[in-house]
Amino acid sequence: MGPEALEAALRAIGPERYHDLHPFHGLLHDGELAKGQVQAWALNRYVYQAAIPMKDASLIGRCEDRELRREWLHRIADHDGSGEDKGGIERWLILTDGLGLDRDYVISQEGALPATRFAVQAYVRFVRERPLIEAVASSLTELFAPSLHKRRIAGMLANYSFIDEKVVAYFRRRLDQAPRDAGFALDYVKRNARTVEEQQGALAALKFKTDVLWAQLDALHHAYVTGAIPPGAFRPSA
């Protein structure tokens, strides 16, 4: 494929496989969840948020492309913070604070679902071990994130009395960050995935990432909607 055909193939994955299609997100955004179920979502999602800088650091650590390292470095600062900006992880903890969760408990990840931890660990390993083009391509779910964030902000503010602007600050910030990051990563993949194998690898990597995100919501739905909460996982109060 030429670069534009490759981009079209990558973009086509979102409408078919991105986790905005998952039923759990419909419940979350439409106000159909109890506060304890929203707490469970935020607590489990923290596992993913906390792993993002480690995932990105592992990519930088094996990258010989100086341009890619320089561009990718700000992703770590976006989440861990830099200077006066405390970063995305802190904004996520402000979200869990606002939901009434104990911060130390959230950070400990003790109450996270086993499937959440396994999915996140699989993603970190993928980026650490797979070819660099595939590692970069796996981040391209950010192409589809802004529309999800907009729906989440509007839905949660409209439907939950315990959600306010302070709680959704993480998502508002990502409305600017995600398109910037996705634009660079997409251009990198289009320029560097030249062989059939490289292009197939990039497409498979993006599909893998959508699977990682989908698996986390499957676990949340099974535990907190169906009611099959595994031993040791967070249990909402009555």
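**Briefing: helix packing, aromatic pairs and selected residues**

At 1% relative accessibility, Phe171 counts as buried (buried means under 20% relative accessible area, exposed over 50%, and partly exposed in between, with a 1.4 Å probe and protein chains only). This is a predicted model, in which local features need pLDDT of at least 70 and side-chain atom pairs count only at pLDDT 80 or more, while totals for chains, interfaces and linings use all residues. Residues are numbered from 1 along each chain as its sequence is written, and side-chain values use heavy atoms, with hydrogens and water left out.

**Aromatic pairs and a ring under a charge**

- A search of the whole structure finds 11 aromatic pairs, where rings of Phe, Tyr and Trp (its six-membered ring) pair if their centres lie within 6.5 Å, and planes under 30 degrees apart count as stacked, over 60 as edge-to-face and the rest as tilted.
- One of these is the stacked pair of Trp41 and Phe171, with 6.3 Å from centre to centre and 20° between the planes.
- Trp41 belongs to helix H3 and Phe171 to helix H10 (residues 169-192), so this pair ties together parts that are 130 residues apart in sequence; helices are DSSP runs (H or I, at least four residues), numbered from the N terminus.
- Phe171 also pairs with Tyr170, and because the ring centres are 5.4 Å apart with the planes at 90°, this pair is edge-to-face.
- Trp41 counts as buried at 3% relative accessibility, and both Tyr170 and Phe171 are buried as well.
- Trp41, Trp92, Tyr170 and Phe171 together form one aromatic cluster.
- Elsewhere, the charged end of Arg75 sits over the ring of Trp72, 3.6 Å from its centre, where the criterion is that NZ of Lys or CZ of Arg is within 6 Å of the ring centre and within 35 degrees of the ring normal.

**Packing of H3 against H5**

- Helix H3 (residues 35-61) packs with helix H5 (residues 87-98) at an angle of about 170°, and their axes are 10 Å apart; axes are lines fitted to C-alpha atoms, for helices over the stretch in contact, and angles run from 0 to 180 degrees between N-to-C directions.
- H3 and H5 are therefore roughly antiparallel to each other, given that angles under 35 degrees count as roughly parallel, over 145 as roughly antiparallel, 65 to 115 as roughly perpendicular and the rest as oblique.
- From H3, the residues Trp41, Ala42, Arg45, Tyr46, Gln49, Ala50 and Pro53 meet Ile89, Trp92, Leu93, Leu95 and Thr96 of H5, with contact meaning heavy atoms within 4.5 Å.
- The residues of this contact between H3 and H5 divide into nine nonpolar, two polar and one charged (Ala, Val, Leu, Ile, Met, Phe, Trp, Tyr, Cys and Pro count as nonpolar, Asp, Glu, Lys and Arg as charged, and the others, Gly among them, as polar).

**Buried residues and their partners**

- His29 lies in helix H2 (residues 23-29) and is buried, with a relative accessible area of 2%.
- Leaving aside neighbours within four places in sequence, His29 is in contact with Leu148, Arg151, Arg152, Gly155, Met156 and Asn159.
- Gly26 also lies in helix H2 and counts as buried at 18% relative accessibility; its C-alpha atom is separated by 9.6 Å from that of Arg152, 126 residues apart along the chain.
- Beyond neighbours within four places in sequence, the contacts of Tyr123 are Tyr48, Lys55, Ser138, Ser139, Phe208, Lys209 and Val212.

**Residues in loops**

- Glu142, in the loop between helix H8 (132-137) and H9, counts as buried at 14% relative accessibility.
- Not counting residues up to four places away in sequence, Glu142 touches Arg75, Arg174, Ala178, Asp181 and Ala182; from Pro179, Glu142 is 37 residues apart in sequence and 6.8 Å apart in space, C-alpha to C-alpha.
- Glu165, found in the loop between helix H9 (145-159) and H10, is partly exposed, with a relative accessible area of 41%.
- Glu165 touches Leu157 and Arg172, not counting residues up to four places away in sequence, whereas Glu165 and Ile133, 32 residues apart in sequence, are 37 Å apart in space, C-alpha to C-alpha.
- Gln109 lies in the loop between helix H6 (103-108) and helix H7 (114-129) and is partly exposed, with a relative accessible area of 22%.
- Phi of Gln109 is near 60°, a positive value in a residue other than glycine.
- Most residues other than glycine have a negative phi.

Technical notes:
Helix = DSSP H or I, 4+ residues; strand = E, 2+ residues; numbered from the N terminus.
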